[in-house]
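Hi,

Here is the structure I said I would pass on to you. Have a look at it first, and then read my notes below.

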Amino acid sequence: MGASGTPPSEHVGAIDRLRESDAWRDVIEGETGRRVRELTRRTPVIEGPSGVLVKAEGLQRTGSFKARGAVAKLATLGPDRGVVTASAGNHGLGVAYAARALGLRATVVVSEMAPDVKRRGIEALGARLLVHGSGYDEAEARARELAGDAVFVSGFDDEHVMLGNGGTTALELSEQVGGLGPGDLVVIPVGGGGLASGIGAVLAGSGARLVGVEPRANRAMHASFEAGAALTSYPEGGPTLAEGLEGAVAERTYEVCREALEGVVLVEEDRIRAAIARAYRELGLILEPSAAVSLAAVWDGLTAADGGRFVCIATGSNIDPDLLDDCLRG
Ligand SMILES: Cc1ncc(COP(=O)(O)O)c(C=O)c1O
């Protein structure tokens, strides 16, 4: 017995819990992971200026890594089910794609901030699209109200989605670069924190350092770290070009990210624009603002240890042509 009279409890951290979950057995070790590999692409790792390695998830099906988590989740539900989700756009595209591939019916609620390219893509994949609210959090509240008998699928607060998105990306990346270890730095855009959580769970114990990136204008994970508690509501968040990173975090993603990330770096809007232009010119990659934050952080001077490698997760390419054009004109 402990001094307080309670049995001594083994401390089980958030990463350990995720690694011991059913979702880990399904997605990382089992059949669901096989479905994700079947229905998504193995995206290339491109070497950029000064050796930075870029995992080009913008070339993923639907234009972002979100197809991975959506397949991982919907594959566990079985066909003919209805699913409802809220999304800044990319998770909605992923769910619409997975629903079509696996025979489910999807409804996606996006906020008024969702770019046209994402709205049109969701409809083209056969999902029902609803537009509600001025930001992600309002769209999510509406989607939860609408769910009824359908399953609400969170874009980040769900173990299958976290491991499908981040876990399968990390496994693939690690294989492609011959393993990640001490000195290596992986730079990850953070919205709700699901991607970073899945990557963190898979790379735990590897010795690789993980850093999150958020736009300064909308930084719920950074603010949660400062507050020492998850901001599961984040009305303070302001507008950012990186609309995919807007909104609150979840208790669960905060707990995992607190263990997995060395910290969260903040980038300014003009640096995001500059990174979009530079990635296009120097890497031949189209990046949406939410993906460009990782390269913006590196090109702003984030440094890896001597001899360590830099890996940026370039998470998506769904940018409206007018905005891309605007960034290229500087
Ligand atoms: C392009 C892009 N990058 C990064 C993220 C952040 O992912 P997460 O919400 O899992 O932190 C998103 C989320 O929608 C996204 O669309």
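Predicted model: local features only at pLDDT ≥ 70, side-chain atom pairs only at ≥ 80, totals over all residues.

Where they touch, 32 residues of domain 1 are in contact with 26 residues of domain 2. On the domain 1 side, helix 2 (22-28), helix 3 (31-39) and helix 8 (159-176) each supply at least two of the touching residues. Helix 8 gives the most to that side, with seven residues. Sorted by class, the side of domain 1 that touches domain 2 has eight nonpolar, 17 polar and seven charged residues.

Now for the ligand. How many residues surround the ligand, and which are the closest? There are 22 of them, and the closest are G191, G194, G244, T315 and G316. Helix 5, helix 9 (194-203) and helix 13 (289-299) are the elements that give two or more residues to this shell. The largest share, three residues, comes from helix 9. By class, the shell splits into eight nonpolar, 13 polar and one charged. Both domains take part: at least three residues of the shell come from each of domain 1 and domain 2.

Next, the helix pairs. Two packed helices are described by the angle between their axes and the distance between the axes.

Helix 9 packs against helix 11 (residues 251-260) at an angle of about 50°, and their axes are 9 Å apart. That angle makes helix 9 oblique to helix 11. The crossing of this pair is left-handed. If you want to click on the residues, G194, A196, S197, G200 and A201 in helix 9 meet T253, V256, C257, E259 and A260 in helix 11. This contact has five nonpolar, four polar and one charged residues.

Helix 5 is another one from the ligand shell. How far apart are the axes of helix 5 (residues 90-102) and helix 6 (residues 116-124), and at what angle do they pack? The axes lie 9 Å apart, and the angle is about 15°. Angles under 35 degrees count as roughly parallel, so helix 5 and helix 6 are roughly parallel to each other. Their crossing is left-handed. N90, G92, L93 and A96 of helix 5 make the contact with K118, G121 and I122 of helix 6. In classes, that is three nonpolar, three polar and one charged residues.

Last, are helix 12 and helix 14 roughly parallel or roughly perpendicular to each other? The axes of helix 12 (residues 269-283) and helix 14 (residues 321-329) come within 8 Å and cross at roughly 90°, so the two helices are roughly perpendicular. R273, I276, A277 and Y280 of helix 12 make this contact with L324, C327 and L328 of helix 14. The residues here divide into six nonpolar, no polar and one charged.

Note on methods
Residues numbered from 1 in each chain as written. Axes fitted to C-alpha atoms, helices over the stretch in contact; angles between N-to-C directions. Helix = DSSP H or I, 4+ residues; strand = E, 2+ residues; numbered from the N terminus. Parallel < 35°, antiparallel > 145°, perpendicular 65-115°, else oblique. Left-handed = near helix turned anticlockwise from the far one by under 90°. Contact = placed C-beta atoms within 7 Å. Nonpolar A, V, L, I, M, F, W, Y, C, P; charged D, E, K, R; others polar. Near = placed C-beta within 6 Å. Domains from an automatic or database assignment.
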